[in-house]
Structures are given as structure tokens and as C-alpha cells.
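Reader: I would like to go through a model and learn how to read a few of its features. Please take them one at a time.

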Amino acid sequence: MILVTGGAGYIGSHNVITLMESGYDVVIFDNLELGHIETVEALRKIDAKGKVVDFIKGDLQNYNEICDVFKKHKIDSVIHFAAYSQVAESVKNPQKYYFNNVFGTLNLLKAMLSFDVKKIVFSSTAATYGEPDYVPIDENHPQVPINTYGKTKLMIENIMDDYDKAYGLKSVRLRYFNVAGVDSKIRVGEWHEPETHLIPNILKSTFSGGKTFQMFGTDYPTKDGTCVRDYINIEDLANAHVLALKYLENGGVTSFFNLGTNEGNSVKEVFTTCEKITGKQIPVDIKGRREGDPAILIADNKKAKEVLGWNPEKSLEESILSAYNWEKTL
Ligand code: UFG
């Protein structure tokens, strides 16, 4: 049985599908602050080899609530998504981030240790690298986060190293670049309030009542002046988590991997691709730079390919098309 924290959220729910399709039974733990009960219901309806055995509404900041999950179910491994992830908010309200992300994870790890659960796959981020010294960014790149969100994820990575040395708790930390797209069967999708991410914001602006898309910064030192990011498809990303889980099940040592495509696309390129896929001319407001956006973030994904046997397959077009199909259902 796999415990998935944050399983009612965007990345967590897509991972629940991939886990179930790989034959794993899953317990979802989520406080439903950012996740949605409708997402849990959609997951329960999926007919796959594995099942959602239980959904428990609870908060990692409450040690008893997470402990109860381990009392109720025999958990073999944990995949930990539950976290706040908005960069700007993290800088404005660091206390919220340190308590939820760091203290919440400390409670989770404490419960794992007391029930002798020693394997965890953790949702980390490219934001732990900070402003890159070079691209593509490999896993040896210095981790110097420039915002509180990135700092919380790096702290947790460091805590996990210490817990391995002292208690033998094995972790795989997956450092995501820009996650894009939704389930190709549109059973679940991306549902953030407010939405801050590029692709859904461009797509939302094509529907009646949508806000004009705002493009943040056209004076970066990049090919066309807009920021370059590495967009990794959500289903490819979810596959990496199952491979990471299997790696730990097979006795793999604590490790960390970038999840990206080795390729970058600029904001303008993403925008043009959205116009092509939707067949619409999308109005745009050119704005100044958004604070804290590095010019270029591209992953070197060699390590995940070599060690986990991971192979991301989906293109940016496929991610955008799935996201568009999802937006049409809202
Ligand atoms: N952008 C716009 N307009 C929008 C939204 C975004 O122009 O409405 C631009 C941003 O300025 C940036 C690019 O599109 O240049 C990508 O922005 P996103 O918000 O989609 O993604 P980020 O690269 O800022 O964030 C991602 C993850 C975060 C993580 C961060 C780490 O979504 O969770 O990478 O760098 F913290």
C-alpha cells in the first residue's frame, strides 16, 4: 500500500492514476485546502489494477492525524506531494511555508519512523538550484535557492539525508522543472485557484470571460527576450515516480534526480504553440518582468534516464493539447 500525501492536487492526482495503473493500491491523505474532493471522486471511479483504498482528510501539521493513517493501514512506501508551491506567496509569507512544508514533512517522517516505513519519494523542485550558473542544470549544480519555496524544499532534502544516515530512511527526491499538461484521458486535470502557471493562463484567456493573457518580461537575455523553461509532461513525470518507487523497492540508495526534457521553450514559443493548437488568435498584454523569474531553466535529465530507466516521451504540443481539452470541460 502506498501513501500519497497531496493526492487530491494536480501532480498528486496524476500520480495516483499512474500508481493504480501500475498495480499499486493507494491511500490518499490531503487536507483539501488546495486539492479537491471532486478529484478524489474521479480517482475512485477509475477502473485500474490498483485502487484508491482510502481517502483521509487530514493535515500534516497535525501529527496525530498523520499517525492515524499509519495505524489504520499497512503502508509500505510514501510519495509526498502535499506542499504549498507558490513562489511569490512564499516570499511574502515564509512562516506559512516553513510550517506547512518543513514542519509538515517532519511530522510525516516522524510517523514513518515510528511505524518502520523507510521509503519515500519526495516532490522537490528546480527552485532548489536558484539562479543557474549554467544550463542544462545537472544534479551537481549548487543548490542556492532564491525564494522561500525553494528553501523549504532544499531543507527537506537535507533533512532526508540526515534521516538516512541516522535511521536508514531511504529517499528519492525528484526535482521537477515546469510540469505541463493533464491526463490524456481527461479524468483529472489542473485546477489551481488562483492559476499562476503559463499554459493554463494562456488557454483560459481563449474562453469567453477569460482574462487577457499577461506576458511577463520581453527583455531577458534569451533568443526572443522571454523566459525559457523546460516543460515536462505530467504523465511522463508520473512515470518517473513509479520508477523511483521501484528503485527504492529494489534496494536503491538515497538519491535525487532532475525531471525535465533537456529542452527549453520560451514564453513566446509556448504562446505561439497555444495559438496553433487552439486555432485562435490570443490577445496578449506585454508586462514587465515578474519578480524572481530566472531567464533560463533547463534540466539535464541524463541521471534519471541512466539510473531509473526513465524516458520522457511527450512533446510540448501534446501537453498543451491535453491542457486545452481539460480547460474545455471546465
Ligand atoms: N508567465 C507569464 N504569464 C503568466 C504566467 C507565467 O508570462 O500568466 C511566464 C513567467 O513569467 C515565466 C514562465 O511564464 O517566465 C513560466 O511561469 P510559470 O509560473 O508557469 O512557471 P515557473 O517557471 O515560474 O514555476 C515553476 C513551477 C513552480 C516552481 C518554479 C521553480 O510552477 O512551482 O518553476 O522555478 F517553483
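Reader: Is C67 buried or exposed?

Author: The model is predicted. In it, C67 has a relative accessible area of 7%. The cut-off for buried is under 20%, so C67 counts as buried.

Reader: How many disulfides does the structure hold?

Author: In general, a disulfide is a covalent bond between the sulfur atoms of two cysteines. This structure holds zero disulfides. C274, for one, takes part in none, and the nearest cysteine sulfur, that of C227, lies 16 Å away. C274 is also buried, at a relative accessible area of 0%.

Reader: How do I read the packing of helix α5 and helix α6?

Author: Two packed helices are described by the angle between their axes and the distance between the axes. Here, the axes of α5 (residues 94–114) and α6 (residues 148–167) come within 9 Å and cross at roughly 20 degrees. Angles under 35 degrees count as roughly parallel, so α5 is roughly parallel to α6. The crossing is right-handed.

Reader: Which residues make the contact of α5 with α6?

Author: On α5 they include Y97, N101, L106 and L109, and on α6 they include Y149, K151, M155 and I159. By class, this contact has 14 nonpolar, four polar and one charged residues.

Reader: Where is T18 found, and what is T18 in contact with beyond its neighbours within four places in sequence?

Author: T18 belongs to helix α1, residues 10–21. With a relative accessible area of 11%, T18 is buried. Apart from those sequence neighbours, T18 contacts A238, N239 and V242.

Definitions and conventions
Residues numbered from 1 in each chain as written. Predicted model: local features only at pLDDT ≥ 70, side-chain atom pairs only at ≥ 80, totals over all residues. Heavy atoms only, no water. Helix = DSSP H or I, 4+ residues; strand = E, 2+ residues; numbered from the N terminus. Buried < 20%, exposed > 50% of the residue type's maximum accessible area, 1.4 Å probe, protein only. Contact = heavy atoms within 4.5 Å. Axes fitted to C-alpha atoms, helices over the stretch in contact; angles between N-to-C directions. Parallel < 35°, antiparallel > 145°, perpendicular 65-115°, else oblique. Left-handed = near helix turned anticlockwise from the far one by under 90°. Nonpolar A, V, L, I, M, F, W, Y, C, P; charged D, E, K, R; others polar. Disulfide = S-S within 2.5 Å.
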